[in-house]
Amino acid sequence: MIYEKYIRSPLLISPLISIETNATFEPAATKAYRALEHMIVTLELAPSSFVTEGALIERLSLGRTPVREAIQRLAWEGLLDIRPRAGIAVAPLHAGDWLRVLDARRGIEVVLARSAARFVTREAADLFHEAALAMQKAVISGNVLAFIQADKALDEALAIAADNPFAARVAAPLQTHSRRFWYRYKADTGLAESAEHHVALIRSILDGDEEGAAKDAKKLIALLRGHAEVAATR
């Protein structure tokens, strides 16, 4: 497979940085955000359901302040809706909205891909390598949750490599929304195809090929858009 060839590339031979190890050193608010975001993306917190701040604090075993900060951040990103005296509503999931998310995401992904190919560092290359390895393992084992985590790791590597925090801040919530739709409507099939599109993008970035990276970013969004169109017509 394409990604098998890529992950053995001599371009990336330095020791890898463990995603899980890094998470140990994150601030409590970041840990709370990551945990809640994952629960929303994987539908553990069901669309349109209601939760309370207290229930989330208990569920995460973290303090009130970091959980509240995470809730506010997720509300700003459109994944939660804080309703005074009513609780916290998890964003609904309507298939047609996936197309809107992807239409908004397409341009910014091209910007990030071009910039990443121009400015990629060894640190970012190591992160891309780890994401590719994680994707390969997820595809082989059919582990959708692991694939979701690898996809997020790739998006974070892209943000670091692009060295454009303005574009990255715009892209991040769109990527999360898209990941949630993909999990709901496409997680049962197509892991290998999706992985190969992601790895093609990584390869162009590490080659410093700005035009190639832009084209691969467009191809990836086009693949997702095809899935979204099918979901919208079900």
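**The sheet and its edges**

Mentor: We can begin with the sheet, which is open, has 3 strands in the order 1-3-2 and is paired in the antiparallel sense. Please keep in mind throughout that this is a predicted model.

Trainee: Which strands stand at the edges of the sheet?

Mentor: The order of the strands is 1-3-2, with antiparallel pairing. Each edge strand has a single partner strand, so one side of it is left without a neighbour in the sheet, and the strands in that position are strand 1 (50-51) and strand 2 (80-83).

Trainee: What is the pattern of helices and strands along the sequence?

Mentor: The chain contains 11 helices and 3 strands. Reading along the sequence, one finds the pattern α-α-α-β-α-α-β-β-α-α-α-α-α-α.

**Two residues with positive phi**

Trainee: Where does Ser48 lie, and what is its phi?

Mentor: Most residues other than glycine have a negative phi. Ser48 is found in the loop that runs between helix 3 (28-41) and strand 1, and with a relative accessible area of 46% it is partly exposed. Although Ser48 is a residue other than glycine, its phi is positive, at near 70 degrees.

Trainee: Is Arg85 buried or exposed?

Mentor: Arg85 is placed in the loop between strand 2 and strand 3, a hairpin with 3 residues between the strands, where Arg85 takes a positive phi near 70 degrees. The cut-off for the exposed class is a relative accessible area over 50%. Since the relative accessibility of Arg85 is 87%, this residue counts as exposed.

**Helix packing**

Trainee: How are helix 6 and helix 8 oriented to each other?

Mentor: Two packed helices are described by the angle between their axes and the distance between the axes. For helix 6 (residues 95-119) and helix 8 (residues 144-162), the axes come within 7 Å and cross at roughly 60 degrees, and the crossing is left-handed. The two helices, helix 6 and helix 8, are therefore oblique.

Trainee: How many nonpolar residues does the contact of helix 6 with helix 8 have?

Mentor: Helix 6 contributes Arg105, Glu109, Leu112, Ala113, Ser115, Ala116 and Phe119, which meet Asp155, Leu158, Ala161 and Ala162 of helix 8. Sorted by class, this contact of helix 6 with helix 8 has 3 charged residues, 1 polar residue and a nonpolar count of 7.

Trainee: How are helix 10 and helix 11 oriented to each other?

Mentor: Helix 10 (residues 191-206) packs with helix 11 (residues 210-232) at an angle of about 165 degrees, and their axes are 8 Å apart. The crossing of helix 10 and helix 11 is left-handed. Angles over 145 degrees count as roughly antiparallel, and helix 10 and helix 11 are therefore roughly antiparallel.

Trainee: How many polar residues does the contact of helix 10 with helix 11 have?

Mentor: The residues making this contact include His197, His198 and Leu201 of helix 10, together with Ala217, Leu220 and His227 of helix 11. By class, the contact of helix 10 with helix 11 has 7 nonpolar and 3 charged residues, and its polar residues number 6.

**Residues brought together**

Trainee: How far apart in space are Leu112 and Ala171?

Mentor: Leu112 lies in helix 6 and counts as buried, at 2% relative accessibility. Leaving aside residues up to four places away in sequence, Leu112 touches several residues, among them Leu158, Asn164, Ala171 and Gln175. Leu112 and Ala171 are 59 residues apart in sequence, and their C-alpha to C-alpha distance in space is 8.7 Å.

Trainee: How far apart in space are Glu69 and Tyr33?

Mentor: Glu69 is placed in helix 5 (residues 64-76) and counts as partly exposed, at 40% relative accessibility. In sequence Glu69 and Tyr33 are 36 residues apart, whereas in space, C-alpha to C-alpha, they are apart by 8.0 Å.

Terms used: Residues are numbered from 1 along each chain as its sequence is written. This is a predicted model: local features need pLDDT of at least 70, side-chain atom pairs count only at pLDDT 80 or more; totals for chains, interfaces and linings use all residues. Side-chain values use heavy atoms; hydrogens and water are left out. Two strands pair if DSSP finds at least two bridges between them. Helices (H or I, at least four residues) and strands (E, at least two) are DSSP runs, numbered from the N terminus. Buried means under 20% relative accessible area, exposed over 50%, partly exposed in between (1.4 Å probe, protein chains only). Axes are lines fitted to C-alpha atoms, for helices over the stretch in contact, and angles run from 0 to 180 degrees between N-to-C directions. Angles under 35 degrees count as roughly parallel, over 145 as roughly antiparallel, 65 to 115 as roughly perpendicular and the rest as oblique. A crossing is left-handed if the near helix is turned anticlockwise from the far one by less than a right angle, and right-handed if clockwise. Contact means heavy atoms within 4.5 Å. Ala, Val, Leu, Ile, Met, Phe, Trp, Tyr, Cys and Pro count as nonpolar, Asp, Glu, Lys and Arg as charged, and the others, Gly among them, as polar.
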